[in-house]
Amino acid sequence: MKRVALVLSAVAVVAVAYSCGETEPPANRAPRAVGTIPAQEVGAFDTVQVDVSQYFTDDDGDQLTYSASSAAPVVLTVSVTGSVLSIQGRTKGQGTVTVTARDPDGLSAAQQVGVTVSGRPGFLFALLRYDEEDIGAVVVRLEGPPADSIQAPEGFTVYHAAVAGATRVFVAGAIPRTGTVVRFWTDDVSSPGAYRGLLEQAAGTDYRQRSVEASSVRIVR
């Protein structure tokens with residue numbers, strides 16, 4: 001009987017010691033957002049950077065790591081170094097970036113940032129491919145937004161006139177089988193796909209008309 005009493009006393013001492021001593025550590029808490037990351041504006045081919053650490057906190061004092069993703073990678077791309085978010089503009093438009101902060105246990109918080117990418121003015125180039133030789137003149141049709149400051153390579157003569165929804169360009173000279181036949185100024189060189197080039201007419205150095213079927217015009221920056 002005494003032995004049983006001693007065992008029960010030992011259990012009671014252990015229980016009291018545990019209840020009066022060490023306790024369960026608090027559960028890890030997820031990071032949380034602090035304020036709002038401002039909307040950003042960046043030019044095509046330019047980069048803007050934001051330190052996002054000031055927009056997140058962790059109540060447990062954990063070290064946070066950051067990542068980001070772009071909902072419109074055609075318009076803009078993103079990367080993160082440490083806590084610095086870099087947003088690279090690609091083409092005119094709008095997109096959303098999601099920034100995520102994670103603690104060592106994988107708990108996370110996220111914010112979304114609206115980004116506007118503005119176009120960049122500059123020259124685009126019309127590249128002609130023509131499968132015949134001895135071409136002395138061509139008429140190229142440029143369809144799309146207004147084209148300005150239309151120029152031909154050195155040694156060529158160029159005339160142009162606006163038509164409905166396009167610009168018709170006459171270029172005379174030793175037209176190469178491949179290469180630039182004209183360049184033109186546009187408000188946004190990040191979107192060459194907004195233009196379409198078409199060879200309407202071609203003439204040989206003997207002034208005779210040539211077929212335009214075996215040809216293509218590509219607009220590039």
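## Close-up views of a predicted model

View 1. V99 stands opposite Q111 in β9. This is a predicted model, in which local features need pLDDT of at least 70, side-chain atom pairs count only at pLDDT 80 or more, and totals for chains, interfaces and linings use all residues. Residues are numbered from 1 along each chain as its sequence is written, and side-chain values use heavy atoms, with hydrogens and water left out. Strand β8 covers residues 93–102 and runs antiparallel to β9, with ten bridges joining the two. Strands here are DSSP E runs of at least two residues, helices are H or I runs of at least four, and both are numbered from the N terminus. Two strands pair if DSSP finds at least two bridges between them. Five residues separate β8 and β9, and the two strands form a hairpin. In its turn, G106 has a positive phi of about 90°.

View 2. Strand β9 spans residues 108–118. Its covered face holds A109, Q111, V113, V115 and V117. Its uncovered face holds S108, A110, Q112, G114, T116 and S118. In a regular strand the side chains alternate between the two faces of the sheet. Strand β2 (residues 40–43) also joins β9, through four bridges, and these two strands run parallel. Here Q40 stands opposite V115.

View 3. Strand β7 takes in residues 84–89. Five bridges link β7 to strand β3 (residues 47–51) in the antiparallel sense. D51 has V84 of β7 as its bridge partner. Six bridges link β7 to strand β6 (residues 76–81), again antiparallel. In this pairing V78 stands opposite I87. β6 and β7 form a hairpin with two residues between them. G82 lies in the turn and has a positive phi of about 65°.

**View 4. T186 lies in strand β15.** The strand runs over residues 178–186. Is T186 buried or exposed? T186 is buried, with a relative accessible area of 4%. Buried means under 20%, exposed over 50%, and partly exposed in between (1.4 Å probe, protein chains only). T186 touches P121, G122, L124 and Y195, leaving aside residues up to four places away in sequence. Contact means heavy atoms within 4.5 Å.

**View 5. E154 sits in a loop.** That loop lies between β12 (148–151) and β13 (157–163). E154 counts as exposed, at 83% relative accessibility. A33 is 121 residues away from E154 along the chain. The C-alpha atoms of E154 and A33 are separated by 58 Å.

**View 6. The protein chain has one helix and 18 strands.** Its radius of gyration is 33 Å, well over the 17 Å that the globule rule gives for 221 residues, so the chain is more spread out than a compact globule. The radius is taken over C-alpha atoms, and the rule is 2.2 Å times the number of residues to the power 0.38. Along the principal axes, the C-alpha atoms fill a box of roughly 125 × 30 × 30 Å. Buried residues make up 33% of the 221 residues. Of the contacts with a separation of 6 or more, 68% are between residues 24 or more positions apart.
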